[in-house]
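Student: I have a structure to learn and a list of things to ask. Can we go through it step by step?

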Amino acid sequence: MKSLQNSRKKLFFSSDLNPNKETPFCISYQGSYTIEAALILPLMISACIFILFFLRIAMVQIGVNRSMEEVAGKTAICGEQDAVGLSGLVLACNARMIMIGTPTSYIRGGILGISYDKSSVEDNYITLVAEYGITFPIRIFGTYHWNMESKTSWRKWIGWDPEEDGDGHGYVYVTKEGSVYHERYDCTYLHPSIHAVAVKELDAYRNTSGNRYKICRSCKSGKKKEGTVYITDYGDSYHSKLSCGG
């Protein structure tokens, strides 16, 4: 029994006694796994922390941009910028950030750390500029700071100004389903004369150009044999639905 224990000691410590012999397989691999884990695990954890942190930065930017876009856009359209003022817009932006859950805790100074000093509501535009700083929460190799800026600009709705037409900045008119714009509001394409006719009598109708009516591509209902279709004086197609965008 004693000789067996001595032989085991010689097996484990043979590398110390004889440097020409290699360390046993079981001992060498256990040590290498420990060293690799000690080196790789902290790097993986640090990489995950960096990725999560930059995702939160993206959420902060999205929240700030979205809040400013909504507040400035609605104010410009409603024409309430003179009554609200810049301070009112700032309060509305901050309130909107809190409402949509923007992680403002990552901003230096919180939501009050956002500066709107470069913003203005002068002339015909509402311009909101938000400046804020973000600090990396964990100090690994020092302290890291990022200065961020978000900007949005909306033109105020002040009504139609006849003087703007003389400078080549006039208005044009478009439709929801149309593909062209119209320079005159009284254009016949903006005010079509719609008529309901029976399908059987469709061959007898012509448009103002003298052409027959063909199937509308938007309706995609095929050629009907019975029922009612709709035509316009200046159009070149018949429609099976009155709500057709064509």
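Predicted model: local features only at pLDDT ≥ 70, side-chain atom pairs only at ≥ 80, totals over all residues.

Student: What share of the 246 residues is buried?
Tutor: Buried means under 20% relative accessible area. The protein has 246 residues, and the buried share of them is 26%.

Student: Which element supplies the largest share of the largest nonpolar core?
Tutor: This core holds 23 residues. Those touching the most other members are V64, M68, I114, Y116, L128, Y132 and I134. At least two residues come from each of α3, α4 and β1. The largest share, eight residues, comes from α3.

Student: Which residues does I114 touch, leaving out those up to four places away in sequence?
Tutor: I114 is one of the core residues that touch the most other members. Now skip its sequence neighbours, up to four places away. The residues left are M97, I107, A130, E131 and Y132.

Student: How many residues make up the second, separate core?
Tutor: Its members include V197, V199, V229 and I231. This core is separate, and its size is seven residues.

Student: How many salt bridges are there?
Tutor: Look for a side-chain nitrogen of Lys or Arg within 4 Å of a carboxyl oxygen of Asp or Glu. By this rule the count is four.

Student: How far apart are the closest N and O atoms of E70 and R66?
Tutor: Both residues sit in helix α3, which spans residues 25-78. They are four residues apart, so about one helical turn separates them. E70 is partly exposed at 23%, and R66 is partly exposed at 41%. Their salt bridge has its closest N and O atoms at 3.1 Å.

Student: Which elements hold E70 and R96?
Tutor: E70 and R96 form a salt bridge, with the closest N and O atoms 2.6 Å apart. This pair links distant parts of the chain, 26 residues apart. E70 is in helix α3, and R96 is in helix α4.

Student: Is R96 buried or partly exposed?
Tutor: The cut-off for buried is under 20% relative accessible area. R96 has 22%, so it counts as partly exposed.

Student: Where does K118 lie, and where does its partner E131 lie?
Tutor: The side chains of K118 and E131 meet in a salt bridge, 3.0 Å from N to O. The two residues are 13 apart and link distant parts of the chain. K118 lies in the loop between α4 and β1, and E131 lies in strand β1.

Student: Which residue's backbone oxygen does the side chain of K156 reach?
Tutor: K156 lies in the loop between β2 and α5. This lysine is buried, at 5% relative accessible area. Its side chain reaches a backbone oxygen at 2.4 Å, and that oxygen belongs to V121.

Student: How big is the nonpolar surface patch made by I35, L39, I40 and M44?
Tutor: Take I35 as one member. I35 is found in helix α3, and it is exposed at 53%. With L39, I40 and M44, it makes a patch of about 420 Å².

Technical notes:
Residues numbered from 1 in each chain as written. Heavy atoms only, no water. Buried < 20%, exposed > 50% of the residue type's maximum accessible area, 1.4 Å probe, protein only. Patch = residues over 30% accessible without salt bridge, like charges linked within 9 Å, V, L, I, M, F, W, Y side chains within 5 Å. Areas by Shrake-Rupley, 256 points an atom, 1.4 Å probe, with all protein chains shown as cover. Core = buried A, V, L, I, M, F, W, Y, C linked by side-chain atoms within 4.5 Å. Contact = heavy atoms within 4.5 Å. Polar contact = N/O pair within 3.5 Å; in protein donor to acceptor, adjacent residues only side chain to side chain.
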